[in-house]
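Let's walk through this fold together, strand by strand. Have a look at the model first, then read on.

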Amino acid sequence: MAISPLILTLSATLLLLLSSTAYSIGVNYGTLADNLPPPAQVANFLKTQTTIDRIKIFDTNPDILGAFANSGIAVTVTVGNGDIPALANLANARQWVATHIAQFHPQTRINYIAMGNEIMATADKNLISHLVPAMRTLHQALVLAKINDIKVTSPHSLGILSISEPPSAGRFRRGYDRVIFAPMLKFLSETKAPFMVNPYPYFAYSPKMANYALFKSNPGIHDKNTGITYNNMFDAMMDALHSAMKAVGFGDVDLVVGETGWPTNCDGYEACSVENAARFNGELVRHVNSLRGTPLMPNRRFETYLFSLFDENLKPGPTAERNWGLFRPDFTPIYDLGIMRNGQSGGSRPAPAGKNWCVPKPDASNAALQANIDYVCSTGVDCKPIQAGGACFQPNDLRSHSSFVMNAYYQKSGRHDYNCDFSHTGTITSIDPSHGTCRYVA
């Protein structure tokens, strides 16, 4: 089947869509390490070398806020947990805004202030009781300072749910549902701010659920209440949160993923590996940027902050705590996530020694082959060889054309196994698929 002008137009449209939606991906910039580059270098790297256009920090570090001035990169700052009770007082909140926000705004594009970090998990009644009042008062202080483009929110783990399975039955913990989360969501709705959540499929990993957690092919989990079958844990977690929000009357509040990710090392635990981290984060980026949303929240884009920018070698606890980074301190990628502007990739699972090619699996459907063509041709890979008159136009069929472009993408992206996945329709071969004048690169 020839590639029609319509398909080429659709491919160009998809390229524009991908370039615009890529900016729903941000990164958490933690600094508990003694080997990290200066913030100014980090800001320049993110701006010039990656498609990341937003970061989240766990304090109001003035060096970082100053370094990101005039960068165009949005910054989420965090109120320390211990500061929350005092910020329920307006005078204190106004002073906090003057000290930590006003002197950097608007040169530094601060978009959110996160009130604390997973406060409910602390079980500190003083912090919990002051959480929503402090959010309201801090918002008031921003308004009084004539700062109207910064939203106040608060990030939470999925521990705030008493029920998460099936997703349609998701509910907040009893006692906190009406006292904490209904008022918080009411405030977020009034101020048009998002509810920030930290869904981590990694923490729910089990060997039998590995494919479900890692966006791999699996039979799915059926929600008998809705008739929906979930094929990945991320969607199930997000829909459980949505159901809980809807149950207290605020299902229309936007969700932002404040943290999610996958560690690359954790003392031999089978879940942790560079391959699994690359798989989870890579598929998550693609999923979030697809605009598919979730079954209960279709066609929604979730602004998502991956955890984390660098490994943090001074973090306490088990090995996993120090191995969540996307980049090494010299800015080389630990694995290829598809977020680099200059096409460089990391070092995860290169193809075995010798030449290898990426081709479609024998059972790949025509629809999947066409989708692979459309996707690859939207990423900047040269698809002219499979157009009429090109060296690989013949044989003029979907399988041949898809094979050529899938391999071209695989080779260009770094020759890692996951670059030949294509939603489980690609496979690596050591047999050269070249034919006639059509030469496949290797």
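**Through the sheet, edge to edge**

Start with strand E4 (residues 110-115), which runs parallel to E5 and is joined to it by three bridges; strands here (E, at least two residues) and helices (H or I, at least four) are DSSP runs, numbered from the N terminus. Within that pairing, Tyr112 stands opposite Lys151 in E5. Keep in mind that this is a predicted model, where local features need pLDDT of at least 70, side-chain atom pairs count only at pLDDT 80 or more, and totals for chains, interfaces and linings use all residues. Residues are numbered from 1 along each chain as its sequence is written, and side-chain values use heavy atoms, with hydrogens and water left out.

Zoom out, and nine strands make an open sheet, ordered E5-E4-E3-E2-E1-E13-E12-E9-E6, with parallel pairing (two strands pair if DSSP finds at least two bridges between them). E5 (151-153) and E6 stand at the edges with a single partner strand each, so one side of each has no neighbour in the sheet.

Now hop over to E9 (residues 195-198). Phe195 and Val197 point one way from this strand, Met196 and Asn198 the other, and all are buried, meaning under 20% relative accessible area (1.4 Å probe, protein chains only). Three bridges tie E9 to E6 (residues 155-157), running parallel, and His156 stands opposite Val197. Three bridges also join E9 to E12 (residues 255-260), again parallel; there, Phe195 has Leu255 as its bridge partner.

Methods
Buried means under 20% relative accessible area, exposed over 50%, partly exposed in between (1.4 Å probe, protein chains only).
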